[in-house]
There are 2 protein chains.
Amino acid sequence: MDELIRVENELNQAISAGDLLQASRLLDELNPREVTEVIERSPRAKAAVTYRLLSKSRALEVFEMLDPAVQGDLVHALRDDEVTGLFSELDPDDRAQLVDELPASVAQRLMLGLSAKDRAITTAILGYRSGSVGRRMSPEYVHAHPWYTAARTLDDVRAKAADAETIYTIPVTNDVKRLVGIVSLREVLASDPDATIGELMSEPEYALATDSAEEAARTCADHEYLALPIVDSETRLLGILTVDDAHQILRDAEAEDVARAGGSEPLRRPYLSTSIFSIARSRVVWLLVLAVSALLTVQVLEIFEATLEQKVVLALFIPLLTGTGGNTGSQAATTITRALAVGDVRTSDVWLVLLREVRVGTMLGLLLGSLGFVLAALVYDVPTGAVIGLTLLCVCAMAATVGGAMPLLAKTIHVDPAVFSTPFITTFCDATGLLIYFTIAKAILQI
Amino acid sequence: MDELIRVENELNQAISAGDLLQASRLLDELNPREVTEVIERSPRAKAAVTYRLLSKSRALEVFEMLDPAVQGDLVHALRDDEVTGLFSELDPDDRAQLVDELPASVAQRLMLGLSAKDRAITTAILGYRSGSVGRRMSPEYVHAHPWYTAARTLDDVRAKAADAETIYTIPVTNDVKRLVGIVSLREVLASDPDATIGELMSEPEYALATDSAEEAARTCADHEYLALPIVDSETRLLGILTVDDAHQILRDAEAEDVARAGGSEPLRRPYLSTSIFSIARSRVVWLLVLAVSALLTVQVLEIFEATLEQKVVLALFIPLLTGTGGNTGSQAATTITRALAVGDVRTSDVWLVLLREVRVGTMLGLLLGSLGFVLAALVYDVPTGAVIGLTLLCVCAMAATVGGAMPLLAKTIHVDPAVFSTPFITTFCDATGLLIYFTIAKAILQI
């Protein structure tokens, strides 16, 4: 790692100084994975210079590993013939992802440069809507028929070993291309060469090409498959989703959830190669939505302005109380969002979840409320202590319930549960918490 | 899915009514994956009853797929001989994970029931500290030597196809067990049968058994390996980390990050099978830490109590301003935590990140500040508008910088960056934001 940092620093200096010979020598010290990392950490202009210094054979290997967004940048910076070469060498599903990053005119020109077969395959993949597993599947698979012997299947595998995306999971189809089974290369190797695939294969799990990529990827990961067959509505085999693509999809989905839980849209490319303006843009919408929602808290406080004027000390606890409510709510929301994502909880469990969260919230509220009561009663007076204690109890119970319900509600109305997560619930709990606080204060302090 | 919900409901009713024959019939309608899901969604007592209704052959398959925490519950609920049978059938790495869930006395008794070979393997794995990749590796691999031919290697693979954890990635060792290369089954199959492994193999990536499991898993995933060789300090081969274990490790690590970003510890087991008390316990520590930190906001406000008494209207904007600061900070923290986790940013990039986040924060602050100024000037007066606008500008710039720096600081002092995430930064930004707010208000409003 330290070695990589040293080379990267010297490389940046060499490029800045225009010493391309030295830069090229430094690049040769790095393996393709490290070169990929260096390019993804560079601003656009420098990334293109670095990439052009690679030898032709290394260039393709590095290009394949780059983030599609960075590939898109390079396409604009390279000569047409270089781009056409790279484009035709990519796997069909990777090619489809790159097309998504390019302006339509560029993409169209590149597609025309492909062989008729490659173009047909890529067009078929691009025919599925973005976000569906059809868009991410690979049409390069090995398949077998139930009447094949293990030996014949192994011969097929050998012949296609160099080209197919994976050879380790073999979908089995009947004479009209319908998926009827699945067999692993391991089973084929371990069996008698004369055994038929029909005897070896097992019931296949599969996904429809129109299914969401995330759902299909989760099926693939849950079953620890190395590839999941993708079929059309009549269960005819169209392609496979490989395990590394499945995990890439799941990681992207999780990055999205994490970003949204933190109140921003995910960056579509590596952080250091993203412009300041794009980073600001990924955050501004949520920040505005939340700031506008927070106007609600101003309005709630306006209602109680007279109460505040009579007892300014109440203002001191506002951030503490709303903060605790927000934290309790975001804890519950995070737990339930996660449980929904991994399938531990379903939308039909809403009452079960509410019942559990009310109890958890009350338990937490009792503890925090007692502490709050004792502290505030000691520092201020018993009535203030009662207000703080009771408010904490009610706010925790309310926030846990709302936080637990929100993701389920979102999922029911087909909105990404992560959207309703942390910051949104924080804002909601702020306003509700203030209402609870001042209602209790008015009642107990009789103002 | 709807079908599964119906069967699950009927099953729960049958078990509650004591109609075990009907329950057993219903279970037969489900595949092992669905049975696993049903058991993981049940409270402990019911989970054990459901599990006992399974036929012996299905029972092992279901047990292997269960969450280790739920496996641990079942061990307590089953007869000793049943448990001993299950325990010896598990893969060595899964066995080590189960041992972690059991009381030492139970674990010891189970270990004694193993064959000498299985016991030695499991003890070796358990010798590595929890969290290291040694703890998660599988010692059941196929390996080759450089002087083997492809044909001889294929014979070895065939012989071990039934037992080895994976046969698709083959580590290559020399005569003293040192790792010298790696070759995929695909390459072996595609090559001339007389070619030697020495010609086919490539430079291996590997991890030390004492390395962190998460780091090793990321290496495995980044290189799209189906298995990563695990070696000792003298690069002698000890085992392999398979791709599905690697992704399980990464998913667990991400679940932990997500939970911490939401201010709680991750649940160690499926949500619905976790007791209310355990859920409350997973949240209470963070909630207390945050509530105690929030006392800082009370103290900051006490300093400005006189200012507040003179101009109560200032209190109305407290939740809005602190909320916006918290949101900006958590956005930056989430982005940088993620970038650190996937390797897009390193701790040595701290100045680069700070420079970027100051600019992003200022950009967002200028936008929100202008809006805040106009709105507050219209509704209240120009001086109030100036206070709100300026505060928003400063708070956004401050929060983005702090939020971006915190994860890097955490990583530098070897603390999990996610710990410093959302709620902690929110609380910190609340207190700092209030200081900024009242300092600006005192200066502009001259009170």
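Modeller: Before we start, helices (H or I, at least four residues) and strands (E, at least two) are DSSP runs, numbered from the N terminus. This is a predicted model, where local features need pLDDT of at least 70, side-chain atom pairs count only at pLDDT 80 or more, and totals for chains, interfaces and linings use all residues. Residues are numbered from 1 along each chain as its sequence is written, chains are lettered from A and ligands numbered from 1 in the order in which they are written, and side-chain values use heavy atoms, with hydrogens and water left out.

Biologist: OK! Which residues of chain A does UniProt mark as "transmembrane region"?

Modeller: The unreviewed entry lists 284-304, 360-380, 387-410 and 422-445 of chain A. UniProt positions use the numbering here, feature names are shortened, and annotations may be inferred rather than shown by experiment.

Biologist: How much of residues 284-304 is helix?

Modeller: In chain A that span is 95% helix and 0% strand, with its end C-alpha atoms 31 Å apart. Residues 387-410 of chain A are 100% helix and 0% strand, and their end C-alpha atoms lie 33 Å apart.

Biologist: New topic: at what angle do α16 of chain A and α18 of chain B pack?

Modeller: About 155°, with the axes 8 Å apart; α16(A) is residues 276-303 and α18(B) is residues 318-341. Axes are lines fitted to C-alpha atoms, for helices over the stretch in contact, and angles run from 0 to 180 degrees between N-to-C directions. The two helices are therefore roughly antiparallel (under 35 degrees is roughly parallel, over 145 roughly antiparallel, 65 to 115 roughly perpendicular, the rest oblique).

Biologist: Which residues make the contact?

Modeller: Among them are Trp286(A), Leu290(A) and Val298(A) of α16(A), plus Leu320(B), Asn327(B) and Gln331(B) of α18(B). Contact means heavy atoms within 4.5 Å.

Biologist: And how many are nonpolar, polar or charged?

Modeller: The α16(A)–α18(B) contact has eleven nonpolar, six polar and one charged. Ala, Val, Leu, Ile, Met, Phe, Trp, Tyr, Cys and Pro count as nonpolar, Asp, Glu, Lys and Arg as charged, and the others, Gly among them, as polar.

Biologist: Last one: where does UniProt put "domain: CBS"?

Modeller: At residues 200-256 of chain A, from an unreviewed entry. That stretch is 44% helix and 23% strand.
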